[in-house]
Amino acid sequence: MSSKVSIVAMDHNPGPGPRAGVDVTFLPLAEDDGVPVYPESTPVLMQELVATGLVVDTWHPASECDFASSRGLVTDTLLQIGIGIGSSAGWYALQSMLRRHTGQVSVRAIYDDGVQRRGVEVTGEAADVVEVLDRLDPFRSEPS
């Protein structure tokens, strides 16, 4: 890895996560007066993943969501993604999508295998985040 990457592992996450039958569930990054707030980039990222044949959705119905743009110099340069991973196809498509991006990204990924829910937050340069996600692959059958 060429740059600093921040990794935070979560053993339990009681909030929204993967949804049954959905490869990738986009999660809100915040809530404002009870309204879930998703990054403005979410619809475009969803279209990218749908184009690959995945089943993609937001945790909340679109009519209940607010898609807000980032404010401020730091968040304007940071692609933020919150997702629940429901399949290996979703995990690998996320990595593929991030390979096409440059600059700083922050990914909060929640994985639920039916027994326990785990998650990770990874922040850094897109290529470095992909490398970390590859190492943390919950679908890999062989330990790395």
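Q: In this predicted model, which residue of E8 is the bridge partner of Leu79?
A: The bridge partner of Leu79 in E8 is Val105.

Q: What makes strands E7 and E8 a pair?
A: Two strands pair if at least two bridges are found between them. Strand E7 (residues 78-85) and E8 are joined over 8 bridges, in the parallel sense; therefore they count as a pair.

Q: Why is the crossover from E7 to E8 called right-handed?
A: The chain leaves E7, passes through helix H3 (residues 88-99) and reaches E8, forming a right-handed β-α-β crossover. The name applies because, with the strands pointing away from the viewer, the path from the first strand over the helix to the second runs clockwise.

Q: How do you know that E8 and strand E9 pair, and in which sense do they run?
A: Between E8 and E9 (residues 117-125) there are 9 bridges, and the strands run antiparallel.

Q: What makes strand E8 mostly covered?
A: A residue is buried if its relative accessible area is under 20%. In E8 (residues 104-112), 7 of the 9 residues are buried.

Q: Which residues of helix H1 are buried?
A: In H1 (residues 42-50), the buried residues include Thr42, Leu45, Met46 and Leu49.

Q: Why are the buried residues of H1 said to line one face of the helix?
A: Viewed down the axis of H1, the buried residues fall within an arc of 105°, so they line one face. In general, residues three or four places apart in an α-helix point the same way, because there are 3.6 residues a turn.

Terms used: Residues numbered from 1 in each chain as written. Predicted model: local features only at pLDDT ≥ 70, side-chain atom pairs only at ≥ 80, totals over all residues. Heavy atoms only, no water. Buried < 20%, exposed > 50% of the residue type's maximum accessible area, 1.4 Å probe, protein only. Helix = DSSP H or I, 4+ residues; strand = E, 2+ residues; numbered from the N terminus. Arc of directions from axis to C-beta.
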